[in-house]
Amino acid sequence: MGSPAPPVPMDRVTEAHFRVRGQDPQDQEALVGRILGYIHFVLPDPPVSRHAALRACLPNDDVDRVSALPYALLRDIVSRLPDKDAARTAVLATRWRGLWRKAPLVLVDSHFLAPAPASGGQFARTEARRVTANVSRVLAAHPGPFRCIHLTCSYMGEFPSLLARWLQTLAVKGVQDLVLVNRPFPLDLDLPTALFGMPALTRLYLGLFKFPDTAGLPRTVSFPNLRDLGLCTVVIFSKDMDFVLTRSPALETLCIQASLLTERLRIISRSLKCVQVIAGTGLDILMEYAPHLERLIVWSASLNKSSSRRIKIAPAPALSILGYLEPEFYTLEVCNTVIKAETRASPTTMVPTVKILGLKVRFGIGDDVKLLPAFLRCFPAVERLHIESKKSAEPTGKLNLEFWNEAGAIECVQSHIKLMIFRNFHGDQSELSFLQFILERAPMLTKLVIVYPKRTFKSMTEANSKLEPLFAAKWASTCCSLLLSEGAYAEGKEPPELQSFKRGSNFSVRDPFAFIVRA
């Protein structure tokens, strides 16, 4: 969505609060600025841009052809303009007068931002207040309906009742698409329960709020038309997450980024098609009943080393994309069976619908590698396999080709895998043993892509030399090509936009994991 507005500078009370806790206020401001950046990377883009030119006539043409269009089309045009430009259309011609109030409103508060001077403190606070005041005026002046409201730069910390009034106005005027991000400070701004009075909502993204307690809400509360929900660094308890899913009968896409205090995500929904998680913090992902779920994507995990969480997959008739499974952080459970290295394949431990699978593996950790054959056996029909190799600070046993030769039959390798992308290749023996096993056992493989992090090797010649054992092996496929490429980023330095809700929930993208950013 672009660069976020920075946090509003702390007041003295907030600074004192952090100092009492032994934290540097400047460090905290910088941290919150980075968090805002991560949130803005995953937010949906607004449907309008303030950078487009507004014209009623074509260049070198004095005839106003646009104003002659039917009123219905003119209203549609106005509804697709930034709010400022939409209001300015009244001066174009007589037929445009009053159209702004009759067209569905699109409001993006970042369009009100002025360029910030080099010294930001007091200016940032004053500018945030000005943006907030402009939003209040527009919401009051337009009679609705509200097609799309993106509020990411307003400052509500000084006006505790303002957010509730805004949400009440949005509910009355039928908002359909709402993106609402708190601009700190404070960090834990309470979200008013007026949020639950918006039956027209089809898309809702929230960032940096404390979700309201749903225990006392009426049983009739629901989001009957909500199809797309995103929660970004939102403090929300598991019971409240359950409430939202239960009361959203049309929900198709659920995106969670670092939501806090949610210990488990119970996926019970007749409508969900896509669930995505970025930086899940201590989150059990329990797929209990989701007959239409096609994609379950965990882009990254963020857990304490001492905590292990579950990904549980119940019978999933539509699930075709799954990843990234990460043995370091997650235990895999299929139906009621916890998958271990010694688990034998059976109908109750297999998910035959999955065609695209992603795994993150520490090849220097023997226990991780020993789980890999068991994981692959759970998904016998995989055609596209994505492996990301993770460095381990303290390797505990690298397994060689003998281990893989003794691993036994793996159906997806022997019968289905056509493409494999292996990321973060370091040239270690354990990685090479796995790659050689795939090449020797996968007759359907047509393409193997190996990507190494930037500056891992001094030259492409050195990188190619690491692959010599692979070319010495006898490949099972007679039509397989191998592509070696240097990635654009060093390991651990990948930008957050590579973890993309937009790509994951775009069903026109067949394989959301199949992207390579080259040096």
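Q: How many salt bridges does a search of the whole structure find?
A: The search finds 17. A salt bridge here is a side-chain nitrogen of Lys or Arg within 4 Å of a carboxyl oxygen of Asp or Glu. This is a predicted model: local features need pLDDT of at least 70, side-chain atom pairs count only at pLDDT 80 or more, and totals for chains, interfaces and linings use all residues. Residues are numbered from 1 along each chain as its sequence is written, and side-chain values use heavy atoms, leaving out hydrogens and water.

Q: Which residue does Arg 130 meet in a salt bridge?
A: Glu 127, at 2.7 Å, N to O. Both lie in helix α6 (residues 121-141), three residues apart, about one turn of the helix. Helices are DSSP runs of H or I, at least four residues, and strands are E runs of at least two, numbered from the N terminus.

Q: Glu 127: buried or exposed?
A: Buried, at 8% relative accessibility. Arg 130 is partly exposed at 33%. Buried means under 20% relative accessible area, exposed over 50%, partly exposed in between (1.4 Å probe, protein chains only).

Q: What about Glu 333 and Arg 310?
A: Their side chains meet in a salt bridge at 3.3 Å, N to O. Glu 333 is in strand β15 (residues 330-334) and Arg 310 in strand β13 (residues 309-313), so the pair ties together parts 23 residues apart in sequence.

Q: Which residues are linked in a network?
A: Glu 326, Glu 328, Arg 362, Asp 368 and Lys 390, through salt bridges. Within it, Asp 368 and Arg 362 meet at 2.8 Å, N to O. Both are buried.
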